[in-house]
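Let's take a look at this structure together. Have the sequence and the 3D view open as you read.

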Amino acid sequence: MPRKKILLVDDSSTARMLIRLMLSGWDYAVTEAHDGREAVLKATSEHPDAILMDIVMPVMSGIEACRALRAAEPTRNIPIILVSTRGEGDFIEAGFKSGCNDYVTKPIAGPELLNKLRDQLGE
Amino acid sequence: MPTTPTTIELDACTACPRGCGARSEHLSSILANLYVAMKRIHASLDRSDVLGAIRDVLENQIGAEELAIFERDGDGAPFSLSLYVAGSGAQALYARVLEEVLASHAVYVRSAASGDPPDAPAACIPLRVGERVTGIIMIYSLVCHKERLDPLDLELCDLLADHAGVALYASALHARSKAEGGGR
């Protein structure tokens with residue numbers, strides 16, 4: 001069975017390194033993007049099984065990227081979990097309105113993130 | 001050197017404020033956090049990179065929202081602002097908190113039980129270089145969904161106290177040596 005592909009999108013190298021380490025005990029193939037635009041390009045070309053994406057990023061935000069991914073046929077059904085320092089109600093509402101499947105706040109609790117990711121992957 | 005006495009209770013992880021369920025996942029999450037903080041802080045000798053890495057750890061791993069880093073040239077010298085992020089622009093040093101941290105060399109964490117006023121900073125981290133305190137990190141407020149610092153945060157604060165100060169000190173030495181060597 002091929003390894004499931006996870007696209008990890010964050011402009012913070014600290015956050016990317018941390019999430020990558022949290023996922024390292026699981027047999028996932030993790031690729032990275034640094035902003036929303038790169039995420040849309042990589043999701044379209046690489047068809048990941050799930051996307052973990054920050055909201056506040058340069059070039060294109062996670063909310064904009066989420067909308068773009070939901071609007072395009074090849075990426076419409078890829079599960080997206082937004083991972084953000086923004087825990088305010090309006091950010092969470094905007095996240096779900098943009099089409100994300102789940103929302104996790106930073107600082108990240110490894111087990112919470114893994115549980116939500118596994119849920120989305122149907123594991 | 002004084003350190004902040006903190007203990008991460010792994011056996012109590014069902015009650016962990018970070019919502020953990022599994023002990024091994026909880027442990028690997030803690031180790032990942034400490035490893036990443038250490039690795040990021042010492043990844044560069046460039047001052048702006050070091051400051052950026054410290055900010056990144058404070059925001060992404062501890063959940064600091066409004067924060068400032070102050071440094072000083074020597075014991076008794078005044079503190080000057082090196083970095084300020086978000087908020088109302090208060091940038092205050094909070095004399096009582098500062099005195100406490102400079103006397104103890106330990107991380108201060110606001111506690112209602114200790115009678116700290118609600119407008120006191122959430123935390124103040126000394127930047128320790130050996131026996132000296134070369135600066136401080138003030139965390140004025142945390143992100144809105146986080147009420148207080150948990151045991152992992154205290155470990156991260158203590159790690160920053162030992163490593164952020166050394167990394168900034170090394171970056172200053174590096175800059176000075178570059179300048180004396182004519183940029184070589």
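## What you're looking at

This is a predicted model, where local features need pLDDT of at least 70, side-chain atom pairs count only at pLDDT 80 or more, and totals for chains, interfaces and linings use all residues. Residues are numbered from 1 along each chain as its sequence is written, chains are lettered from A and ligands numbered from 1 in the order in which they are written, and side-chain values use heavy atoms, with hydrogens and water left out.

## How chain B is built

Chain B holds four helices and five strands.

Of the 184 residues in chain B, 47% are buried. Buried means under 20% relative accessible area, exposed over 50%, and partly exposed in between (1.4 Å probe, protein chains only).

## Two loop residues with positive phi

Now for H105(B), which isn't a glycine but has a positive phi, near 60 degrees. Look for H105(B) in the loop between α3 (95-104) and β3 (108-109) of chain B. H105(B) is buried, at 15% relative accessible area.

Over in chain A, V59(A) also isn't a glycine and has a positive phi, near 70 degrees. V59(A) sits in the loop between β3 (50-53) and α3 (62-71) of chain A, and at 56% relative accessibility it counts as exposed.
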